[in-house]
Amino acid sequence: MNKIIVITLLLFIFSCSAEKKYLLQSPDQNLQLEVFNEKGNIAFDLIVQKDTILKKSPIGLTINSFDFSDNVVIKKFGKTSFDETWETVNGKNKTVRNHYNEYTFGLSKPGLDLSCNLIFRCYDDGFAYRYELGRESSDSIQINKEITTLNFSKDFSYWAYNGEHPNLGPVNRADTLIGEVRTPVVLELKDDLFMGIHEAEIVHYAPFSLNTENKSSDIKFNLEKTADQSELKTSWRTFIIGNTPGELVESDLIVNLNEPCKIDDTSWIKPGKSLWDWRVWGYKAADGFEYGLNTVSHKRFIDFASKNNIQYLLIDADWYGPEFSSDSDPTQAREGVNIEECMAYAKEKGVGVILYLNDVGAKKFGLERVLKQFAEWGAVGVKYGFMQGGWQDKVRHTRDVVELCAKYKLMVDFHDGPVPPSGDRRTYPNLVTKEFCHAQADAKRSYFPETAVTSPFINMLAGPLDYTNGWFDLNNAQSREKVFQEIPGTVSAEVAKLIVTYSGWMVLPDSPEEYLKKDGLFDCIRKMPAQFDSFKVLNGKIGEYITVARGSGEDWFVGSLTNRDSRTLELDLSFLEDGQKYKATIYSDTKDTHFLTNKESYMVNEMEVDSSLKLDVFLVPGGGCAVNIEKINDGK
């Protein structure tokens, strides 16, 4: 239940001669936006802790054939303060505070029969703005261009999302000119000030991108033409501010900008860990069993899951025929796969089954018909792959899929170039994750350690990610049918990635037998909860290293990762309860482990810790460390 603590609303009507400058502050007053209406133009400054970051940045749109950045006046002005705390279903934290100050500007332009509200919201950790356009007639409203230019007071470096390829960056803005940069973008404005730029509530129109092709230190917007009848509401253009890149990832600003949950009963939405058949095809176990696309293999996965605190099995592509064939019907399984038998067996063992669905089959055989059949079989979720169409089509179809999945009580994970996460999991928390990254071994390529310490700061800023971490057979995985390159990394780092990465589903890619071979290390995964309670970035530098702590009741899990350089990180355990003793189980690489030459060496140690301790963790090249911290209760 949402609990609204403070709401105030004031509305004023202004003439063209009204005050031309409006000061909007964050609740803690450390962030200020100055909005100007001078000479018919709307512009704003951004001031963070008395330091001007953006100066006189013009804002506007081209609507139909009108330039809505020139000869614009503010006719109405309203301000609101809002403060609530709401409970998440599959969030980084159990509860989220949504606290902001808001200004609404009613804009008009002579000769344009159109209402336009420009809304700014200011939070302690950033700000956002959006347009709401409307007209009384049913004539189409079309945005042809966004004219906004972000004028930065100083030069900066940045990193940016780059699909299923290594992220861009660090890029020096003054030296490198790029016509299109996809968001999220993370800017290092100075040593202790970072900005993340993304969108919130991408539910109806194509996402924007940024443009840095000019030589000056500004950023412009690329925007696909967006049209609708009578009214149009853009996404929130969102700017997160933090003293460290970790603070950007911790922020809930993007999710707060979305509408509250529209699902009345969310009890069936349960994040968790999942085994996955796809990458295991062709694996031969010591007892002679070879995994394939068949019910016998699926039952073997289910047996392992039921005994090892793993909630789900994901049955991936081709289970109903070649996934890209228009003849493959997702309501009928192929030979060798008995979905009804598999579902019944999984239910008996207390394991849920997630089914893959390709866009081709969904559209040919009817999306709702297919999802209804999945639900009747007893599936708990859907992995949706390879959505086709332009960006606006994909955005709208994504929402259709999510809403229909909610109707049939199915969770959903989008893969293969999905629409960017934008906080929409608040409105529909059955949208548990997206492959908004280069998942390990996907796209027939393996990623290297620097990706593991870059993507958490960039891709994860947008929302939960499906990285498919947790490889244990790093030496021989490439011999399997669906693994195409050797996988760089260490087994300890693979466990740490599961802690560092926030995702509604932790999809484990390896075989049960490989996990059991390293049972001492796998025990950390076995102990991990289906869902963590909290998310803290203890330290980190983009592209170099990261440490994340995740709460689970009274216990904690801490994951650290490094790039190709070895290093020692100091873990400040002050987040633990004062005066309380804990047992720390440390899963780490050995001194000789290396992400290319000695991947599978690890060790497990135990020690007693408390909140006063600063724990030194040594990381080998490409390595990682996972720590399970369990509260020592009296009498035990």
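**Exercise 1.** Find how many bridges join β17 to β22, and in which direction the two strands run.

*Solution.* Step one: β17 (residues 193–200) and β22 are joined by seven bridges and run antiparallel. Strands here are DSSP runs of E with at least two residues, numbered from the N terminus, and two strands pair if DSSP finds at least two bridges between them. Step two: for a landmark, look at His-198, which sits opposite Thr-238 of β22. Step three: β11 (residues 126–134) also runs antiparallel to β22, joined by four bridges, and Gly-126 has Ile-240 as its bridge partner there.

Before going on, a word on the model: it is predicted, so local features need pLDDT of at least 70 and side-chain atom pairs count only at pLDDT 80 or more, while totals for chains, interfaces and linings use all residues. Residues are numbered from 1 along each chain as its sequence is written, and side-chain values use heavy atoms, with hydrogens and water left out.

**Exercise 2.** Work out whether the faces of β22 are covered or open.

*Solution.* Step one: in a regular strand, side chains alternate between the two faces of the sheet. Step two: sort the residues, with Trp-236, Thr-238, Ile-240 and Gly-242 on one side and Arg-237, Phe-239 and Ile-241 on the other. Buried means under 20% relative accessible area with a 1.4 Å probe, protein chains only.

**Exercise 3.** Give the strand order of the open four-stranded sheet and say which strands stand at its edges.

*Solution.* Step one: the order reads β7-β6-β12-β20, with antiparallel pairing. Step two: β7 (66–67) and β20 (226–229) are the edges; each has a single partner strand, so one side of each lacks a neighbour in the sheet. Step three: check β6 (residues 61–63) against β7, where two bridges join them and Ile-63 stands opposite Phe-66.

**Exercise 4.** Which residues have the most contacts inside the largest nonpolar core?

*Solution.* Step one: a nonpolar core is a set of buried Ala, Val, Leu, Ile, Met, Phe, Trp, Tyr and Cys residues joined through side-chain atoms within 4.5 Å. Step two: the largest one has 86 residues, and Trp-319, Leu-355, Leu-357, Phe-374 and Met-528 have the most contacts inside it. Step three: apart from it lies another core of 55 residues, including Ile-42, Ile-59, Phe-105 and Phe-239.

How values were computed: Buried means under 20% relative accessible area, exposed over 50%, partly exposed in between (1.4 Å probe, protein chains only).
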